[in-house]
Amino acid sequence: MSSSLYRLGRWAFRRRVRVAIAWVLLIVVAAGSAVLLGKGTDNTFSIPGTESGNALDQLSRTFPQVSGTSAMYVVVAPDGEKVTDPAVKTPVEDAVAALGKVDHVAAVADPFGKVGGAVSDDGSAAVITVQIEGGSATYADQVRADLRDELTTLEAALPSGSEAALGGDLFTHNVPSVSITEGIGLLVALLVLLITFGSFIAAGMPILIALLGVGFSTAIVFAATAFATISSTTPMLGLMLGLAVGIDYTLFIVSRHRDQLRSGMDPEESTARALATAGSAVVFAGLTVMIALVGLFVAGIPFLTIMGIAGAGAVGVAVVIALTLTPALLGFAGDRLRPRPRRTRGGAPVEPHGRRFFAGWVRTATRAPVVTILAVVAVLGLAAVPAAKLNLALPDAGSQPAGTEARVTYDLISKHFGPGWNGRLIVTATIIGSTDPLGLMDDLKTEIEALPGVAAVPLATPNQNADTGIVQVIPETGPESAQTADLVREIRSHRAEWQAKYGVDIAVTGITAVAIDISTRLGNALLPFGLFVVGLSFILLTMVFRSLWVPVKAALGYLLSVGASFGIVVLVFQDGWGASLLGLDRTGPIISFLPILLMGVLFGLAMDYEVFLVSRIREEYVHGGDARAAIRTGFVHSATVVTAAAAIMFSVFAAFVPEGDANLKPIALGLAVGVFVDAFVVRMTLVPAVLQLLGDRAWHFPHRLDRLLPHFDVEGEGVAAELQLADWPEPGATDAVVARDLRLDGPDGPFYEGITVRVPRGGTLVVTGGHRSGRSPLLLTLAGRVHPDSGLLKVDGLVSPVRASAIRGRVAVARMARAADPVAELGAALDSGAPVVAIDDLDAVADPQYRRAVAFGLNEAHRTGTTLLVTCLDPAALDGLLPDPEHAVLLEVTRAVEVSR
C-alpha cells in the first residue's frame with residue numbers, strides 16, 4: 001500500500017490544479033444535492049421488533065388517534081385563583097375547540113371533560129393534550145408553527161397573572177446547530193498548529209482541508225435524508241468527528257513532509273514519501289475508526305446504525321481528502337514549507353522545538369517501568385469507578401436547556417401534576433372477543449391502579465370498533481427514572497395473568513416505553529460490541545506491528561481509557577461535579593447510546609495514537625535492532641505531532657460541550673476526556689513503560705502466524721525498499737527476474753536457500769531439483785504467490801514482496817502436473833498477456849501430441865518476448881519443448897527439503 005500511496009502523492013503533486021478543481025466541483029455538487037434533495041432530519045427513535053414498537057405500529061392501524069406524537073399546553077391560573085374559574089376556563093375551552101380544527105391534529109383532550117380530564121389536585125393548573133396524526137415527521141414544522149399561533153391566542157385571552165406554555169413530545173428535540181463555541185475550538189486548533197509548525201501556511205492547511213471535508217460529508221448526509229430517516233444528532237456527530245480526524249490526518253502528513261524538507265529533500269519527493277509513510281498510517285487509522293463506527297450495527301438499532309454509517313462516511317471523506325488534496329496543496333506551497341534551521345549564536349543548528357522536553361518525558365516514563373505501569377493503572381482504575389453506577393435513558397424535554405419552551409412546560413407539569421405526567425405510558429389490549437368492552441377496560445384500569453408505582457390512570461377506553469383498548473398510565477416518577485422502567489416491567493409481568501383472567505393480550509407502549517426499550521437494547525448490546533471492538537483491535541494491530549504483546553497492551557490500554565471516560569461522564573452528568581461550568585442546569589441519566597457510540601469512536605481514535613507512536617518506534621527498531629533505544633528515538637520523533645493531534649482533537653470535542661446539543665454534550669465530553677487520557681496517559685506514558693519492560697520480546701512474532709496474517713505496511717518499509725533497490729542490480733538493468741540469496745523456511749528446514757539468479761527479459765529459466773518441495777515453492781516465490789523469508793528479488797522491475805500484488809498481475813501460472821487438461825492450462829496462462837509465465841512441472845507432459853501443442857505454444861510466446869519460468873525433475877525431459885534451450889538459464893535447487901508428497 002505504501003508504494004501505491006507514494007505514486008499517488010507524486011501524481012497529486014504534479015496535477016495539483018486538477019485535484020483542487022475536482023474537489024471544489026465535488027463540494028459544489030454535494031451542496032446542491034443537499035439543497036435540492038434534503039428533507040430535514042427527524043428525531044423519531046424506534047426499534048423494530050420490540051414490544052413498544054410493535055404495539056405502536058398496531059395502534060396506528062386500530063387506534064390512530066393515539067398512535068402519533070403529542071403536544072401539551074399547560075395553563076396555570078393566577079395566584080389565589082383556579083383554572084375552573086370562568087376567566088380561565090373559558091379561554092381554555094375556546095383553545096380546545098380551536099385546536100380541534102388545526103390540520104393534522106387527531107384529537108384534543110379537554111382538561112375539564114369526564115374522559116381524560118387533566119386538572120391538578122389543587123385546581124391551579126390544567127393540561128390540554130393534543131394528539132398529532134401518525135407520520136408527523138413530514139409536517140412537524142408546520143404543526144409546531146400552528147400550535148404556537150394558538151398559544152399566542154390563548155395567552156392573550158387569559159387574565160393577567162396567568163401562565164401558559166407549550167411542550168410535549170413534539171417539542172422534546174431541538175435541531176442542534178453550530179455555535180461560536182465550536183469556532184473557538186477551531187481557533188485553539190489553529191493556535192496549536194501554529195506552535196507546532198511555526199508557519200501560517202502549514203498551520204492553515206489542516207484546518208482548510210478539514211473544513212472542506214466536513215462540508216462535503218455534511219452535505220451528503222443532508223442529501224441522504226431524501227432516502228433515509230436521519231436524526232438531527234447525526235450530522236453534528238459527523239461534523240465533530242470529521243473536523244477532529246480531518247485536522248489530525250493532514251497534520252500527520254504535513255509534519256512528516258516538513259521533517260523531510262528540513263533534511264534537504266526535494267518537495268515533490270518529500271510529498272510522495274510523506275504520503276507513503278504518514279499516509280499509510282492515516283489509512284489504517286481511518287479504517288479502524290470507520291470499522292468501529294459501522295460496527296454499531298451490532299446493537300440492531302436502525303437510527304444508531306445510520307449514525308454510525310454517517311460518522312464512518314465523514315471519517316472516510318477525511319481520509320480521502322487528506323490523501324489527495326494535501327499533496328496537491330503541498331505542491332502549491334513548494335519550498336515555502338521548508339523549515340528554516342534554528343541556530344545558536346555559535347552557528348550550530350539546534351534540535352526542533354520540544355525534542356528535549358519529550359526526551360525527558362520518555363526517560364521519566366521508562367526509568368522505573370513497573371512503577372509507571374502500576375501508577376497509571378491505579379489512577380485510571382480509580383477514575384473508572386463511578387462508571388459502575390452508569391444510568392442510561394433517552395433524553396426528554398427535561399434535558400433541554402432551562403428557558404426553552406419544552407423545558408418550561410416539562411417543569412410546570414412536574415410542579416403541578418407530578419413528574420409522572422411527563423412520562424405517561426400506554427397499555428394496549430386486544431379486546432376483540434369481549435362482549436363488554438367498557439366493563440373490560442374498567443377492570444384493567446382497576447388492576448393497573450393497584451400496581452406499585454402508578455400515580456393515576458386517567459383514561460381507559462376502547463376504540464370505535466371495540467377491538468382495541470388503551471389504558472393511559474401516569475407513573476409516580478419521571479420518564480428517565482429507573483422506577484418508571486421498573487413499572488413498565490411490572491405491567492408486562494402480568495400479561496399471562498390478565499390473558500388468562502380477562503382473555504386479553506396487553507402490551508406497554510408510548511414514547512416513554514419506547515425510550516426504555518431502546519435503552520435496554522443498547523445496554524444488552526454493550527458486551528458483544530465491546531468484544532467486537534477489542535477483538536478487532538487485537539487482529540488489526542497484530543497485522544500492523546507483527547507482534548502479540550503490542551496488541552494486547554493496546555487493547556488493555558483502550559479499556560482503561562474507556563473506563564476513565566465513562567467515569568468522568570457519570571461524575572459530571574449524573575453526580576453534578578462541575579456541571580455549572582459546562583452549562584448544565586440539571587443532572588440525570590446519560591443518553592442511552594453514549595456508551596456504545598463512545599466505545600466505537602474512542603477505539604478508532606485510540607488506535608490513531610497507537611499507530612502513529614508505536615509505528616515510529618517499530619520503524620526505529622527495524623532499522624537499529626535495539627528495542628529500548630528505539631523507544632526513546634521513536635518517541636521523541638513522534639511525540640510532538642501526537643501531542644499536537646491530541647490537543648487539537650481535545651479542543652474540537654470540548655468545544656461542543658458548553659453550548660452543544662443535549663444529546664451531544666455527554667458524547668463530546670466523553671470523547672474529549674477519552675482522547676486526553678488515551679493520548680497522554682495511556683499511549684505516551686503507559687506504552688513506553690510497557691515496551692521498556694518487554695524489551696525485544698515486544699516484537700517477537702510466531703513464524704507461522706506471520707505467514708498466515710496479511711502485511712499492512714504503515715512504516716513505509718515497502719517504499720524504502722523500492723527506492724533502495726531502484727538501481728539494483730545496476731542502473732538501467734532490464735532483467736525479467738533478478739534474485740540474490742533467497743531463502744524460504746519450512747517446518748523441517750529451508751525449502752530453498754542461497755538462490756541467486758538473473759533471467760533476461762524474454763529469456764527462459766529452468767528450475768530443477770530432486771523434489772517438487774524445493775522447485776515449486778521457488779517458482780511460486782518468483783511468481784509473487786509466496787514471500788521469501790530473506791534475500792532480494794525483483795520481477796519485471798518490481799520489488800518483492802513489496803509489490804507482490806502487482807507481480808501476481810504480471811506473472812501467469814500453469815500447474816501442469818495437477819491440471820486435468822495440461823494444454824488448456826498452459827494455453828490460458830499464455831493467452832493472459834502476462835509478460836512472465838511460470839510453468840510448474842513442465843516435464844509432466846508426456847503424450848507426444850500434447851508435447852507438440854505445448855512446444856508450439858512456448859515457441860509463440862518466446863517469439864513475442866514472453867519470459868518463461870519452468871520447473872522439472874530432469875532437464876533432459878524438456879528436449880523439444882523449450883525454445884532456444886541453449887540460452888536457457890539452468891538453476892538447480894540442491895538444498896530442498898526431501899519430504900513425501
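Modeller: The account below starts with the strands and then turns to helices and cores.

This is a predicted model, so local features need pLDDT of at least 70 and side-chain atom pairs count only at pLDDT 80 or more, while totals for chains, interfaces and linings use all residues. Numbering starts from 1 along each chain as its sequence is written, and side-chain values use heavy atoms, leaving out hydrogens and water.

Take the sheet with the order E12-E11-E14-E15. This sheet is open, has four strands and is paired antiparallel. Helices (H or I, at least four residues) and strands (E, at least two) are DSSP runs, numbered from the N terminus. Two strands pair if DSSP finds at least two bridges between them. The edges belong to E12 (749–759) and E15, each of which pairs on one side only. Direction ignored, neighbouring strands of this sheet are turned by 25° against each other on average. H24 (residues 772–782) packs on the sheet and touches E11, E12 and E14. The direction of H24 makes about 50° with that of E12. Contact means heavy atoms within 4.5 Å. Angles run from 0 to 180 degrees between N-to-C directions, with axes fitted as lines to C-alpha atoms, for helices over the stretch in contact.

Now the pairs inside that sheet. E11 (residues 737–746) and E14 (residues 790–795) run antiparallel, joined by five bridges. Across from Arg740 stands Leu792 in E14. E14 also runs antiparallel to E15 (residues 798–800), with three bridges between them. Lys794 faces Val799 of E15 as its opposite, and Val795 stands opposite Leu798. What phi does Asp796 take in the hairpin of E14 and E15? Asp796 has a positive phi near 55°, in a hairpin with two residues between the strands.

Turn to the parallel pairs. E18 (residues 867–872) has two partners to look at. E13 (residues 764–769) runs parallel to E18 over five bridges. There the bridge partner of Val767 is Thr871. E17 (residues 836–840) is also parallel to E18, through four bridges. Ile839 stands opposite Val870. Six of the six residues of E18 are buried. Buried means under 20% relative accessible area, exposed over 50%, partly exposed in between (1.4 Å probe, protein chains only). In a regular strand, side chains alternate between the two faces of the sheet. Thr867, Leu869 and Thr871 are buried on one side of E18, and Leu868, Val870 and Cys872 are buried on the other.

Another open sheet has four strands in the order E7-E8-E6-E9, paired antiparallel. E7 (454–462) and E9 (505–509) stand at the edges with a single partner strand each, so one side of each has no neighbour in the sheet. The twist averages 20° from one strand to the next. E6 (residues 425–430) and E9 share five bridges in the antiparallel sense. Val427 has Val508 of E9 as its bridge partner. H14 (residues 437–449) packs on this sheet, touching E6, E7 and E8 (468–475). The direction of H14 makes about 170° with that of E7.

Next, the helix packing. H18 (residues 549–574) and H21 (residues 664–694) pack at about 145°, with axes 8 Å apart. The crossing of H18 and H21 is right-handed; that is, the near helix is turned clockwise from the far one by less than a right angle. The residues of this contact divide into 21 nonpolar, five polar and four charged. Ala, Val, Leu, Ile, Met, Phe, Trp, Tyr, Cys and Pro count as nonpolar, Asp, Glu, Lys and Arg as charged, and the others, Gly among them, as polar.

Last, the cores. A nonpolar core is a set of buried Ala, Val, Leu, Ile, Met, Phe, Trp, Tyr and Cys residues joined through side-chain atoms within 4.5 Å. The largest one has 160 residues. Met240, Ile247, Tyr249, Leu304, Leu325, Phe593 and Phe653 touch the most other members. H21 gives the largest share, 19 residues. Setting aside neighbours within four places in sequence, Leu325 is in contact with Val19, Ala20, Trp23, Ile209 and Leu212. Apart from this core lies another, of 29 residues, including Val92, Val96, Leu99 and Leu151.

Ser255 lies in H8 (residues 233–262). Is Ser255 buried or exposed? Its relative accessibility is 13%, so Ser255 counts as buried. Beyond neighbours within four places in sequence, Ser255 is in contact with Phe197 and Val641.
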